[in-house]
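Work through the exercises below with the model open. Each task is followed by a solution in steps.

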Amino acid sequence: MRKLLILILLIPVLGISQTKNVVNSTRVFPKADKVSEFEKALTAHAQKYHTGDWKWRVFEIQSGPDAGGFHITEGPLSWEAFNDRGNLGEAHTNDWNKSVGLYLSDRNQQSYSVYVDSLSTVAISDYSDKIIINHIYPKPGMINSAIDLVKKLKKVWTDGNENVAVYTLSVSGERQIITVTRLKDCLKELATGYRKSMPERYNVAYGAGAWEVYQSDYAKCIDRRWNELLYLRADLSSK
């Protein structure tokens, strides 16, 4: 009876620890004259080694400093799942190196991001084929202030029917907040007049002059940011 009681008490803790809110991202950059060979090899590798919980969603980066690269995501999964995954095995590594890696440049990136439900306006797995990733770098010691700014934006995104998933970068280098705008209506959403401007919606939400205050606060706590447009390549992704 005592063991049963302890197990019941542990259920909430176990549930929290197994939250599937972690995404692993890999960025690779094929050699300019080997893109078609790379795509064919990547597709075959994904179908063979990255299925089920570990399936890949592959995006082609269309703009920004990483344009021409490919953004590969696994998850969302829990930290425990990533921890227990273990070594992918010699066969997997050899296939990647000999079938895919030979078509790549030396440039690559690996990162983990944690989805923040309280800041987002779209569910973690409610995907879109076209997305805008906004990379925000808070100044040292200003991460909480930066998060507060995002909290205020959530209402404005909601009022404008914007689907935005918010992540924080974890154990992956410089502190970063990542917002992913999922373009449900594709590139039409970028057209002038599709929705009211951000300053206009912000002032409606928080009062006249609020946007100027936001910009002042932003300058105090954000070091820099940049964004990029990505297209899903379903033909390269896991089936």
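**Exercise 1.** Describe the largest nonpolar core of this predicted model.

Solution. Begin with the count: the largest nonpolar core has 20 residues. Val150, Trp157, Val166, Ile177, Tyr202, Tyr214 and Ile222 have the most contacts inside this core. Next, look for the elements that give two or more residues to the core: they are helix H5 (143-159), strand S6 (164-170) and helix H7 (210-221). H5 provides the largest share, seven residues. Finally, a second, separate core has 15 residues, including Tyr115, Val122, Ile124 and Tyr167.

**Exercise 2.** Determine how H5 is oriented relative to helix H6 (residues 198-206), and what class of residues meets there.

Solution. The axes of H5 and H6 come within 9 Å and cross at roughly 105°. Angles of 65 to 115 degrees count as roughly perpendicular, so H5 is roughly perpendicular to H6. On the H5 side, the residues in contact include Leu153, Val156 and Trp157; on the H6 side, they include Met198, Tyr202 and Tyr206. Sorted by class, this contact has seven nonpolar, no polar and five charged residues.

Note on methods: Residues are numbered from 1 along each chain as its sequence is written. This is a predicted model: local features need pLDDT of at least 70, side-chain atom pairs count only at pLDDT 80 or more; totals for chains, interfaces and linings use all residues. Side-chain values use heavy atoms; hydrogens and water are left out. A nonpolar core is a set of buried Ala, Val, Leu, Ile, Met, Phe, Trp, Tyr and Cys residues joined through side-chain atoms within 4.5 Å. Buried means under 20% relative accessible area, exposed over 50%, partly exposed in between (1.4 Å probe, protein chains only). Helices (H or I, at least four residues) and strands (E, at least two) are DSSP runs, numbered from the N terminus. Axes are lines fitted to C-alpha atoms, for helices over the stretch in contact, and angles run from 0 to 180 degrees between N-to-C directions. Angles under 35 degrees count as roughly parallel, over 145 as roughly antiparallel, 65 to 115 as roughly perpendicular and the rest as oblique. Contact means heavy atoms within 4.5 Å. Ala, Val, Leu, Ile, Met, Phe, Trp, Tyr, Cys and Pro count as nonpolar, Asp, Glu, Lys and Arg as charged, and the others, Gly among them, as polar.
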